Protein chains: 4
Amino acid sequence: MKKMIIDERGKKYIVNNEDFHSDLGIVKKEDIINSKVGDTLITHLDKKFKVMKPNVNDYIDLMKRNCSILVLKDIGTVISHTGIGEGSKVLDSGTGAGAIALHFSNVVGKSGEVISYEIREDFAKIAKENIDNFFNGNNNVTIKNQDIKEGFDEKDLDLIFLDLPKPYEIMENCYDSLNLGGWLVIYAPYINTVETSYKIAKKLDFNNVSIIETLQREIEVRTQGTRPKTRMVGHTGYLLFARKL
Amino acid sequence: MKKMIIDERGKKYIVNNEDFHSDLGIVKKEDIINSKVGDTLITHLDKKFKVMKPNVNDYIDLMKRNCSILVLKDIGTVISHTGIGEGSKVLDSGTGAGAIALHFSNVVGKSGEVISYEIREDFAKIAKENIDNFFNGNNNVTIKNQDIKEGFDEKDLDLIFLDLPKPYEIMENCYDSLNLGGWLVIYAPYINTVETSYKIAKKLDFNNVSIIETLQREIEVRTQGTRPKTRMVGHTGYLLFARKL
Amino acid sequence: MKKMIIDERGKKYIVNNEDFHSDLGIVKKEDIINSKVGDTLITHLDKKFKVMKPNVNDYIDLMKRNCSILVLKDIGTVISHTGIGEGSKVLDSGTGAGAIALHFSNVVGKSGEVISYEIREDFAKIAKENIDNFFNGNNNVTIKNQDIKEGFDEKDLDLIFLDLPKPYEIMENCYDSLNLGGWLVIYAPYINTVETSYKIAKKLDFNNVSIIETLQREIEVRTQGTRPKTRMVGHTGYLLFARKL
Amino acid sequence: MKKMIIDERGKKYIVNNEDFHSDLGIVKKEDIINSKVGDTLITHLDKKFKVMKPNVNDYIDLMKRNCSILVLKDIGTVISHTGIGEGSKVLDSGTGAGAIALHFSNVVGKSGEVISYEIREDFAKIAKENIDNFFNGNNNVTIKNQDIKEGFDEKDLDLIFLDLPKPYEIMENCYDSLNLGGWLVIYAPYINTVETSYKIAKKLDFNNVSIIETLQREIEVRTQGTRPKTRMVGHTGYLLFARKL
């Protein structure tokens with residue numbers, strides 16, 4: 001696991017086992033290697049950095065991103081509803097920048113496995129770098145630069161998560177590839193996509209088929225009083241859940 | 001990890017390494033021990049059970065519960081927003097029936113740790129049984145039958161999750177016990193509780209303090225058309241997030 | 001305008017200019033005729049009734065209803081968004097029990113006009129009785145027991161409100177019948193209905209076309225604290241608005 | 001009632017019985033006086049304007065506004081829940097730019113009455129102009145440039161609508177001034193205000209006390225599919241309803 005340091009302005013940096021350069025000065029390689037979470041590192045300009053335990057969201061905030069990222073409310077709903085955790089085997093597509101794969105990887109751990117299909121070569125390359133960087137080479141995620149619609153041969157999956165156009169075209173293949181008890185989850189911004197997917201899920205003998213939409217509101221506490229924020233996100237996407245039983 | 005079997009009516013049972021008795025007949029111990037996920041087991045009355053890979057939600061559905069349980073939408077939000085995962089160290093209180101501890105345990109894995117405080121002896125006992133049963137004795141959860149308000153000495157925590165009355169009474173202790181980068185999360189049904197907690201979090205130098213409310217709607221697909229369900233859950237509780245930075 | 005009386009249990013009754021009989025005793029015709037709002041009437045059993053100014057919602061609560069009724073949140077949205085008021089000319093279909101016609105009638109007043117089409121004879125009959133009873137025969141509402149899909153010849157309408165299957169079949173006729181500045185509003189529980197109507201509205205040169213969904217939450221104030229209610233109505237219907245400009 | 005004309009770009013203008021000047025040319029006084037809704041007027045530059053029936057929202061869009069205006073979803077909820085309509089007597093405070101008074105006036109009509117209290121002289125002046133302009137001098141609205149907290153002597157009110165700081169300071173006076181069956185409605189952005197008002201309403205023997213929050217989502221129909229809009233208004237204010245019974 002990499003280290004993260006944070007300066008007094010709250011700016012965060014992932015550090016490697018080498019000298020760290022910034023506008024606040026240089027932190028020496030040895031100081032970084034010998035530090036532990038909570039320590040303070042001093043640059044040659046006498047500026048302070050604190051050593052932090054970064055989490056998956058810190059990494060995602062700092063990594064290279066060339067496309068939009070599934071929001072936390074939807075990722076959380078997928079994890080809690082499907083019950084994936086230590087040791088689970090998960091397939092996702094498309095990879096995008098790798099954020100969802102990182103979240104899945106984070107909860108399935110080293111005894112688990114994440115396989116992620118991405119049709120675009122440029123996306124797959126960046127996602128691979130992001131994930132290798134996260135894991136320091138101790139990796140439970142495999143990025144495949146392939147069109148999942150041409151088929152996939154993974155079996156015994158606990159979760160298949162699809163965020164791609166016309167996901168219903170491969171739902172039969174998904175059914176076959178899931179463990180008994182495994183979940184297919186489809187994320188789609190348009191209701192028409194999940195409507196079609198719902199009908200196909202019913203035909204394919206999936207069970208516990210449901211479509212869920214999650215809304216989150218933030219509450220403001222001011223001196224005048226407490227109230228929900230004036231603006232909120234009205235919609236990201238629908239989540240279709242279907243279980244093989 | 002225990003096995004789960006499911007009959008043709010969709011009814012699920014956790015099975016141990018012993019003969020299984022039900023109204024559909026008996027499955028022999030050896031058959032259970034030799035089975036793997038996806039296999040079909042036959043009772044002496046010729047009824048079929050399928051062997052499933054149970055997940056944390058299956059266990060929670062089947063375990064003994066004497067109190068209400070945090071809903072999946074809120075558990076998912078806690079996991080995704082705090083970024084806990086493999087190896088995280090989590091403290092929660094009150095334990096209740098142990099459902100939230102099971103969810104945390106499921107995502108932090110064996111290299112992680114969950115400590116759960118419960119003031120009521122009867123709740124702590126049942127939660128302990130539920131969790132031992134889930135893990136078959138290979139346990140990363142410790143239930144403590146203690147009043148967390150009298151103090152706790154765990155350190156270097158990545159997440160403290162509080163679902164108890166007047167959580168703001170121990171927020172200073174929580175701040176001291178968190179890792180740099182660690183999160184305090186408070187769940188409360190009443191806005192007054194999170195309002196008070198918000199003000200104290202600000203005084204205690206917590207960062208990224210926010211209050212979030214999550215709403216989930218289910219969409220129905222019928223032959224006549226598609227629509228959100230007529231009834232929905234309007235409120236469970238607010239989640240206050242505060243990070244030590 | 002009729003009078004309403006309310007007993008000490010909060011039960012409300014519409015009264016006519018005749019003796020009033022209830023389980024709490026009899027109020028004499030003369031007492032009713034001579035009373036004004038706020039007065040107390042005494043039965044021969046010495047029970048008290050207060051004389052109230054009933055509003056349109058009181059009438060609707062007490063009238064004969066054989067079908068479901070558009071909820072207040074949707075009626076309010078129609079009135080405020082279309083800006084109908086004194087003197088407006090409104091057409092609605094189907095009438096149902098007449099609740100929406102009563103609401104429209106209430107805000108357009110005697111200088112306005114409401115025409116309401118109902119295909120079912122039994123519904124039209126009850127709605128007519130309900131409305132005659134409300135107005136004591138001084139009526140700005142006309143109920144027509146006709147299928148609006150076979151055509152209607154009202155012109156210069158400020159609002160056409162449709163709550164019926166396949167409303168998009170008569171949208172062209174609606175366009176022709178509206179005043180410049182008039183609104184067509186379609187209420188439908190299924191998203192597919194408003195989706196189709198939206199596309200047709202765009203083709204027909206309607207302006208300001210939008211689809212709105214209204215959610216209402218109720219807040220509870222208890223001694224322990226304040227919170228939204230646990231259960232809420234998740235959906236009634238969508239409202240499509242389209243203006244002729 | 002004034003006339004409104006609309007040009008081919010969709011821009012709207014209120015016109016008086018005099019020559020109309022714009023960047024598209026001049027429309028003569030006589031043409032305006034002789035026109036009726038739906039007619040086309042031609043400027044001396046040969047540009048076209050159509051004559052429209054303006055509604056209350058058109059007026060409010062075009063009138064002078066120096067402060068924020070209650071949104072339509074909340075106005076609609078007040079009208080439909082309280083059942084005000086032809087002939088109702090309504091008091092509101094503060095007036096602001098007069099938008100809410102115009103909406104009330106629009107539904108209570110000439111047989112009804114609206115009294116509106118505004119503490120600020122500049123606001124009261126503009127509101128008076130706005131309302132006089134709307135009615136052409138045939139007015140059912142009275143603007144009073146007074147602090148309502150110093151008392152008010154209107155009686156037999158069907159609705160009192162308060163949108164001002166600490167509205168609970170005058171709730172007792174409100175109770176006394178309402179008709180039996182009349183409603184007090186309080187609008188407030190902060191939950192603390194309606195919480196306090198709720199408790200006082202209960203002490204004052206108000207009935208049917210409830211707090212409602214209204215959320216509106218807009219649905220987009222695109223060629224790719226149909227979905228709620230990405231952004232929405234998360235909060236405007238709470239509405240407390242309390243009835244004198």
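Buried area is the accessible area, taken with a 1.4 Å probe, that two parts lose on being put together, summed over both. In this predicted model, chain B and chain A bury about 4500 Å² between them. Of that area, 54% lies on carbon and sulfur atoms. Here is a short tour of that interface, followed by a helix in chain D and a loop residue in chain C.

**The interface of chains A and B**

- Each side is named with its own count: 54 residues of chain B and 54 residues of chain A take part in the contact.
- Three residues stand out on the chain B side, namely E86(B), L180(B) and V221(B), which supply 14% of the area that chain B buries against chain A, more than any other three residues.
- Eight salt bridges are found across the interface of chain B and chain A.
- R243(B) and D58(A) form a salt bridge, with 2.7 Å between the closest N and O atoms.

**What chain B brings to it**

- Several elements of chain B each supply at least two residues of the side that touches chain A, among them the helices α2 (56–62), α3 (72–82), α4 (99–108) and α7 (191–203).
- By residue class, the side of chain B that touches chain A divides into 21 nonpolar, 20 polar and 13 charged residues.

**Strand pairing between the chains**

- Strand β12 of chain A, residues 207–221, is joined to β12(B) by nine bridges, and the two strands run antiparallel.
- I212(A) has E218(B) as its bridge partner in β12(B).

**Helix α4 of chain D**

- Helix α4(D), residues 99–108, is mostly covered, with ten of its ten residues buried.
- The buried residues of α4(D) include I100(D), L102(D), F104(D) and V107(D), and also H103(D), S105(D) and N106(D).
- After α4(D) comes G109(D), which has a positive phi, near 70°.

**A loop residue in chain C**

- T95(C) sits in the loop between β7 (89–93) and α4 (99–108) of chain C.
- T95(C) counts as buried because its relative accessibility is 4%, and buried means under 20%.
- Neighbours within four places in sequence aside, T95(C) is in contact with S116(C), Y117(C), E118(C), A127(C) and I143(C).

Terms used:
Residues are numbered from 1 along each chain as its sequence is written. Chains are lettered from A and ligands numbered from 1 in the order in which they are written. This is a predicted model: local features need pLDDT of at least 70, side-chain atom pairs count only at pLDDT 80 or more; totals for chains, interfaces and linings use all residues. Side-chain values use heavy atoms; hydrogens and water are left out. Contact means heavy atoms within 4.5 Å. A salt bridge is a side-chain nitrogen of Lys or Arg within 4 Å of a carboxyl oxygen of Asp or Glu. Helices (H or I, at least four residues) and strands (E, at least two) are DSSP runs, numbered from the N terminus. Ala, Val, Leu, Ile, Met, Phe, Trp, Tyr, Cys and Pro count as nonpolar, Asp, Glu, Lys and Arg as charged, and the others, Gly among them, as polar. Two strands pair if DSSP finds at least two bridges between them. Buried means under 20% relative accessible area, exposed over 50%, partly exposed in between (1.4 Å probe, protein chains only).
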